[in-house]
Amino acid sequence: MTLGAVFGLGGAIVPGAAQAATREWTWSAANSVVPTALGGGSTVDPAWVWDEPIDTIIAQAIQRGETAQINAALLPWVHHYDPVPSAGLPADLAAWLQESVQMPAWADMTKLRRAADFNRRKDTYLFMLYGVGGGIMSTVIPREAKSVYWSKGGADMQDRAAKTFSFGYDLSDIDAFENTGEFRVTSNKTRMTHAAVRHLLPQSPHWLAVRDESIPISNQDILVTFHSTGTFAYQKLKEWRIPMSTRDEEAFLHSWQVALHFLGVRDEYIPATWKAATQQASEILYPRLTWTQEGQYLAEVLLGLVAQVDRGLTRGFLNEFVRYLLGNEIGDWLGLPRDYVSAATIRVGWPAFILFREGLNPIMPANFYLFDQLVRAIAMAFLNRATSPTTTPIVIPDMNRPDPGYNG
């Protein structure tokens, strides 16, 4: 969060896009959370689906110069028990928010509460997998890297990483979907931010020069981000043999299903099972990973944010943990220098760390403290410039990257 971790222009589709939007993709809606409602079969490729009507609402608000006013109105809105703002918001946005914060009919609070408990029990691994794994993987997802880099947030990656991390924190919080929680508010603020970026980025000559899509942050782009965090985390937890019951696995997925809904992904695209999610990821995530200049820059910044939190860690250790999580090919793409001593420490020490954490080995490994400090460094680096224990305010942007970036 990265989730690491992006957005709308209603009607401004480039020539040819309308025809392309009619094409079908191979993933079947029969594998989604709403198969009976749709009757299965193929649907429009989510690469050509964005997020109406909020895309139009936010685009028009930006054009009217109302961004600062909207951000001020939204600032006090934090918890679910807070009333949805109305004063200071355009009438169409206030009405949209009243509907968009409602839980989907298929949401299961029993599963969501179990997911909250699962996240609490496995938070150490999830911090690592979301922060280092998903965060760095996002830099080799070309569309995501380019959208992030050339948007306003790309010029201040510590602030943007903090906002992304807040989304993951709120989703994983024990009160995530309770009345005292914050996730539904955070996700709606994120969704509005995405809409703003969809409107703004097509006006950036820098993004236009490198992009391969007409409008950023389609439903498919959001699904790709989910797979680089949620599906990736699930696969690693299984690979590391972290104890999980079937009910835990289902609950963990369900929290992500509801999260995708709140980010504006159509229900017919949301996988119903981890098997379906893995299949979808194999089609739209892993084949598309590659190096970009934007991603190279973002990876260096993100790793630097963790390294600058002095908790006895070395940059070589961080580089090798990236390689341990994502593989040497991605490590080579990003030009991460090798540190073979750290690589050996991680290869032996991380499995021992897991065994001790899970109570499967009563003897604390000698390098337990090293891994524990790595988890803490990730949290401190990303949470509101290391000043907030929980969250970072999410605001709607009104401009693209204010400098020419690496072209300057």
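Is F371 buried or exposed? At 0% relative accessibility, F371 counts as buried, where buried means under 20% relative accessible area, exposed means over 50% and partly exposed is in between (1.4 Å probe, protein chains only).

This is a predicted model, so local features need pLDDT of at least 70 and side-chain atom pairs count only at pLDDT 80 or more, while totals for chains, interfaces and linings use all residues. Residues are numbered from 1 along each chain as its sequence is written, and side-chain values use heavy atoms, with hydrogens and water left out.

**The overall picture**

- The protein has 19 helices and 0 strands; helices are DSSP runs of H or I with at least four residues, strands are runs of E with at least two, and both are numbered from the N terminus.
- Of the 408 residues in the protein, 57% are buried.

- Helix α3 is largely enclosed by the rest of the structure, because 7 of its 10 residues are buried.
- Those buried residues are I54, D55, I57, I58, A59, A61 and I62, and they pack against α4 (67–74), α5 and α10.
- α3 (residues 54–63) packs with α5 (residues 91–100) at an angle of about 150°, their axes being 10 Å apart; the axes are lines fitted to C-alpha atoms over the stretch in contact, and angles run from 0 to 180 degrees between N-to-C directions.
- The α3 and α5 crossing is left-handed, a label used if the near helix is turned anticlockwise from the far one by less than a right angle.
- I54, I57, I58 and Q60 of α3 make the contact with D92, L93 and W96 of α5, contact meaning heavy atoms within 4.5 Å.
- Sorted by class, that contact has 5 nonpolar, 1 polar and 1 charged residues; Ala, Val, Leu, Ile, Met, Phe, Trp, Tyr, Cys and Pro count as nonpolar, Asp, Glu, Lys and Arg as charged, and the others, Gly among them, as polar.
- G65 follows α3 and has a positive phi, near 75°.

**Aromatic pairs**

- A search of the whole structure turns up 20 aromatic pairs; rings of Phe, Tyr and Trp (its six-membered ring) pair if their centres lie within 6.5 Å, with planes under 30 degrees apart counted as stacked, over 60 as edge-to-face and the rest as tilted.
- F317 and F321 form a tilted pair, because their ring centres are 6.4 Å apart and their planes are at 40°.
- Both F317 and F321 lie in helix α16 (residues 315–326), 4 residues apart, or about one turn of the helix.
- An α-helix has 3.6 residues a turn, so residues three or four places apart point the same way.
- F317 is buried at 3% relative accessibility, and F321 is buried at 1%.
- F353 and F371 are also a tilted pair, since their ring centres are 5.7 Å apart with planes at 45°.
- F353 lies in helix α18 (residues 340–357) and F371 in helix α19 (residues 368–382), so this pair ties together parts that are 18 residues apart in sequence.
- F353 is buried, with a relative accessible area of 0%.
- Ring pairs link Y125, W240, F317, F321, Y324, W350, F353 and F371 into a cluster.

- T186 lies in helix α10 (residues 183–200) and is buried, with a relative accessible area of 7%.
- Leaving out residues up to four places away in sequence, T186 touches S166, F167, D170 and I394.
- T190 is in helix α10 as well, and is buried at 12% relative accessible area.
- With that sequence cut-off of up to four places, T190 touches F167, L263 and I394.

- I217 is not a glycine, yet has a positive phi of about 55°.
- I217 is in the loop between α11 (205–210) and α12 (219–239), and is buried at 2% relative accessible area.
- R241, not a glycine either, has a positive phi of about 60°.
- R241 lies in the loop between α12 and α13 (246–262), and counts as exposed at 73% relative accessibility.
- R315 is found in helix α16 and counts as partly exposed at 26% relative accessibility.
- R315 and D339 are 24 residues apart in sequence but 9.2 Å apart in space, C-alpha to C-alpha.
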